[in-house]
Each structure stands twice: as C-alpha cells, then as structure tokens.
Amino acid sequence: MRSYKDVKNKLLQDKEIKKAYDELEPEFDLVRMMIKKRLEAGLTQADLAEKMGTKQSAISRLERGDYNPSLSFLYRLAEALDTKIYISLQDKVGS
C-alpha cells in the first residue's frame with residue numbers, strides 16, 4: 001500500500017494539479033496556523049466558537065477547508081486567539 005506522501009508526490013508531478021495545489025497554499029497555511037494557535041491556547045472548537053460568538057460547526061467547517069470566511073470572521077478569529085491577521089497583496093512571480 002502506498003503512503004499519502006507517495007500519492008501526493010506522484011500527483012504533484014502533474015503540472016495542472018501542482019498549479020491548483022499551489023494556489024490553495026494560503027488557505028492551507030491559514031487553517032494550519034489557526035489550529036495550531038487554538039491548540040496552543042488549550043481551546044476546543046466549541047470554546048473558540050463561544051469566544052467568537054459563533055457556532056462550533058463554523059469553526060469545524062473552517063478547519064476542514066469547507067468554509068470561505070469573511071474578513072470580519074477572520075478578525076474575530078484573530079481576536080479570540082489573541083493574535084493579529086496581516087493581509088498583503090504581492091506581485092505574481094514573473095509579472
């Protein structure tokens with residue numbers, strides 16, 4: 001049986017798949033950071049949701065990547081995790 005890593009590496013050899021994967025990197029990074037901060041704070045999804053004034057299901061959807069949050073939601077998330085969010089626009093490589 002092949003491992004996840006083997007399958008991922010094989011799939012990423014396809015240029016179209018690699019491009020789509022790379023385009024999702026900011027979302028993956030946000031989710032990874034959010035989960036890390038939540039766990040460091042010792043919060044469950046329900047705890048975080050309560051601090052934000054939202055439902056646990058919204059936190060779950062965000063952590064699964066099934067939710068496209070508004071900026072307002074992200075700022076409330078950052079506040080609840082005692083962090084800040086920085087947003088920037090950068091030129092594309094090669095532009």
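Visitor: What makes the charged end of arginine 61 sit over the ring of tyrosine 67?

Guide: A charge sits over a ring if NZ of Lys or CZ of Arg is within 6 Å of the ring centre and within 35 degrees of the ring normal. In this predicted model, the charged end of arginine 61 is placed over the tyrosine 67 ring, 5.3 Å from its centre. Residues are numbered from 1 along each chain as its sequence is written. Local features need pLDDT of at least 70, side-chain atom pairs count only at pLDDT 80 or more, totals for chains, interfaces and linings use all residues, and side-chain values use heavy atoms, without hydrogens and water.

Visitor: How many aromatic pairs does the structure hold?

Guide: Two. Rings of Phe, Tyr and Trp (its six-membered ring) pair if their centres lie within 6.5 Å; planes under 30 degrees apart are stacked, over 60 edge-to-face, the rest tilted.

Visitor: Why is the pair of tyrosine 21 and phenylalanine 28 called tilted?

Guide: The centres are 5.9 Å apart and the planes make 45°, so the pair falls in the remaining class, tilted.

Visitor: What makes the pair of tyrosine 67 and phenylalanine 73 edge-to-face?

Guide: The planes stand at 75°, with 5.2 Å centre to centre; the angle is over 60, therefore edge-to-face.

Visitor: Why does phenylalanine 73 count as buried?

Guide: Buried means under 20% relative accessible area, exposed over 50%, partly exposed in between (1.4 Å probe, protein chains only). Phenylalanine 73 has 3%, so it is buried. Tyrosine 67, at 28%, is partly exposed.
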